[in-house]
Each structure stands twice: as structure tokens, then as C-alpha cells.
Amino acid sequence: MMKKILPFLLVLVMVQVAFAQKGKKQMNVIIVSIDGLRWKEIFQGAEKQLMTNKKYISQDSSDVFKKYWSEDQLERRSKLMPFVWGNLAKGGQLYGNRELGNNVNVKNTYWFSYPGRSENLTGYPDPKVNSNDYPDNPNKNILEFIDQQEGYKGKVVAFASWDAVARIINRNRNGLMVNNPFEDVKGEGLTESQKMANEIQHYEPKIWGDGERLDANTYAIAKSYIMAKHPKAVYLDLADTDDHAHEGKYDFYLDDIHGIDAMIGSLWAYLQSDPFYKNNTVLMVMPDHGRGEGKQWTSHGSGTPHSNDTWLMAMGPNIKALGEVKTSSQIYQNQYAKTIGKLLGFNFTSVNPIGEAIGGIGN
């Protein structure tokens, strides 16, 4: 009798496992890149030395202080980034507070935009990628890898405030939808929100030329697309912080940080309200490089000390709520691509030597 029951039980277990796997939702991922945002503002808030220097402040200084200053560092950083410290720090992980010995760095030797973004997405600090004018990136990136996985084809998209992103991702090779500055999202059945986001970007002043648009417009195009089309992997590339920093506008730089924090918070709130994304979406936020200190805060690159110092944030299912990670450790940006793949359940590989997945993020 037992011999007859055992095969039946085995089949029953196999059927249950199959149904469980079929019913299990695939993970989604939102990757946010913030150009040239220093670790100092993340973990220490606004810097008084820069806020009191008239050279770097063009707005009403009392208003800037009211918005962002407190003698208490914890309160100060929360005023600057309320979502990060009120939500992400409670439900996710933040790396890069160098005062605690928790270090994050770029691996490439250049410490500027194209090489940094390329390292983040490919896992490979290619020494040949040495210019912001570098042509189409020859290295395989995590976005095109995800697009090749079952269930993700055609559901991987990118939205950028800087036109070099199309070359960094190499949309000419992989055909991914990369929405660059002043490009309209096309297709049938666009929602009214999508149409409006398309339209508004053409009315904004082109402060930094044809190759860059304001982050608010990039965000509007991205969020309206997410709400309408439900992509499974999204790369959102924001750049106002770096532009205003290069111009020495510390007040605008702080406003950019505060605004981006609000954008991420609004997007995360939407994701948790939509059954497609709720409880099965990972958020990763990172810069492409850091910045200098003191008078060199406006600059970055291999000739500017500390502009290789960066940070990382992550939140979502299977990511323990560690908050601000205070242990002494070292992370490099060449580990991000493999980590993103791991969070989705994939093993990202490349012909290039890429960094290993970060051990503390994901099961």
C-alpha cells in the first residue's frame, strides 16, 4: 500500500511546486542614477561652509538656511532628503558614510560621468572608456542582459536627462527604449499624462543646451510611462545636481537634491499602490561619481581628490532593513551590475572581468 501512495505523493508535491512557481511574480527593478551627488550631502546634509559663501548662493540666504540648515546633523540631512531618511533608511540600506568607515568608491580611474555610468551598468571599469564623448559603449550592460531574460523582453526601458546615456547603454546595438532629452515617447494609445509630459519638455529653457533637459521633465516622462506601460526594469538617469554644482550654485544643488528625493518618494509611493509593483519591486539609487571638497566641491575627475568617493542605496523585497550601514567595509561600483541581476534572480555574466555581487544586499 505504501509503495502505491509514495508515487502519488511525489506527483502531488511536484504539481504544488509547479503551481507555486507559476504563481510567483517576477521581480521588478527601478535603478536611479544621480549625477555627481556627494556622499557628504547624503549623510551630513547641507554644508555650512558652502551655504555661508556668497560666491555659491544666489537665492535669499535666510530662505536657504530655513529650508536646509540645522545644527543637528541628523535633523539637517533629514531636512534635505526626507524620503531617504524617513522611509528608505527604515526599510532599506544606505552605504557610504565614510565617517563610519563604510566606503563606496568608483573602480575606474577617471572619476567622471560616462566612465562612472558605464561601470555601474556593465560591472567593468573599462580603461578605454575615457571620455564623455566616447562613442557607443562596446561592453555588455545589465539592462540588455535583463531584456534577454524570459518575461522581460521589451519591458526594459531608460529615461535620461543627458544625451550620452543612449551611447552608454548602446541602444543602437540592443534596441532598448532609451528616451533621451527632448525625444517624445511614441506609440499608440498614449495617456494624457504621457502626452503632456512629451509636450512640456519642449517649452522648458535649454539651460545646458540640446543635450540636457531638466530632471523634472525626465521624471514626468518616466513616471507617466511607468503608470501606463508597467515596464519591469527602469533606469532613470538624473543630472541637474552635477550641472548646478559645476556652475558653483550650491543653493540650486541643494534644491536639486531635495527635489530628487521628493521624486523618488513619489515614485515609490505609486509603486506600492500598484498591484503590479507592490512588494515585488527593488529600488537602487546611486551616483556615477563623487565631487571634491572645499573649494573643489564644484569639480570632479582624477585630478580632484575625493571625487571617487560615492554611496549606494537599496530597498525592496529580500533586502534587509539595515538602514544606515555602520560597519567598516568597502564596496565598488563595478559590483552594481551583478547585484542588480542577483536581486532579480539572475546571474549576470560578461566577457569582461566584472565585480562580484554585494554580499549584504539580497538573499
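1. Helix 5 (residues 73-80) has Arg-76, Arg-77 and Leu-80 as buried residues; buried means under 20% relative accessible area, with exposed over 50% and partly exposed in between (1.4 Å probe, protein chains only). Helices (H or I, at least four residues) and strands (E, at least two) are DSSP runs, numbered from the N terminus. Down the axis of helix 5 the buried residues fall within an arc of 90 degrees, so they line one face of the helix; the arc is that of the directions from the helix axis to the C-beta atoms. Among what covers them are helix 2 (39-44), helix 4 (61-68), helix 6 (82-91), helix 14 and strand 9 (323-324).

2. The model is predicted: local features need pLDDT of at least 70, side-chain atom pairs count only at pLDDT 80 or more, and totals for chains, interfaces and linings use all residues. Residues are numbered from 1 along each chain as its sequence is written, and side-chain values use heavy atoms, with hydrogens and water left out.

3. In helix 11 (residues 192-200), the buried residues are Gln-194, Ala-197 and Asn-198. They cover an arc of only 100 degrees around the axis, which puts them on the same side of helix 11. These residues pack against helix 12 (215-229).

4. Beyond its neighbours within four places in sequence, Phe-159 is in contact (heavy atoms within 4.5 Å) with residues including Met-177, Tyr-225 and Leu-236.

5. Two cavities of 30 Å³ or more are present. On a 1 Å grid over the protein atoms alone, a cavity is a set of points where a 1.4 Å probe fits but cannot get out, and lining residues have an atom within 4 Å of a point. A volume is the space filled by probe spheres set on the points, which are joined across faces, edges and corners.

6. The largest cavity holds about 40 Å³ of space, and its lining has one nonpolar, three polar and five charged residues. Trp-39, Arg-291 and His-306 are among the lining residues.

7. The second largest cavity holds about 30 Å³. Its lining has six nonpolar, no polar and no charged residues: Val-32, Tyr-219, Leu-236, Met-263, Ile-264 and Leu-267. Helix 14 gives the most to this lining, with three residues. Ala, Val, Leu, Ile, Met, Phe, Trp, Tyr, Cys and Pro count as nonpolar, Asp, Glu, Lys and Arg as charged, and the others, Gly among them, as polar.

Conventions: On a 1 Å grid over the protein atoms alone, a cavity is a set of points where a 1.4 Å probe fits but cannot get out, and a pocket is an open set with protein on both sides within 12 Å along at least five of seven lines; lining residues have an atom within 4 Å of a point.
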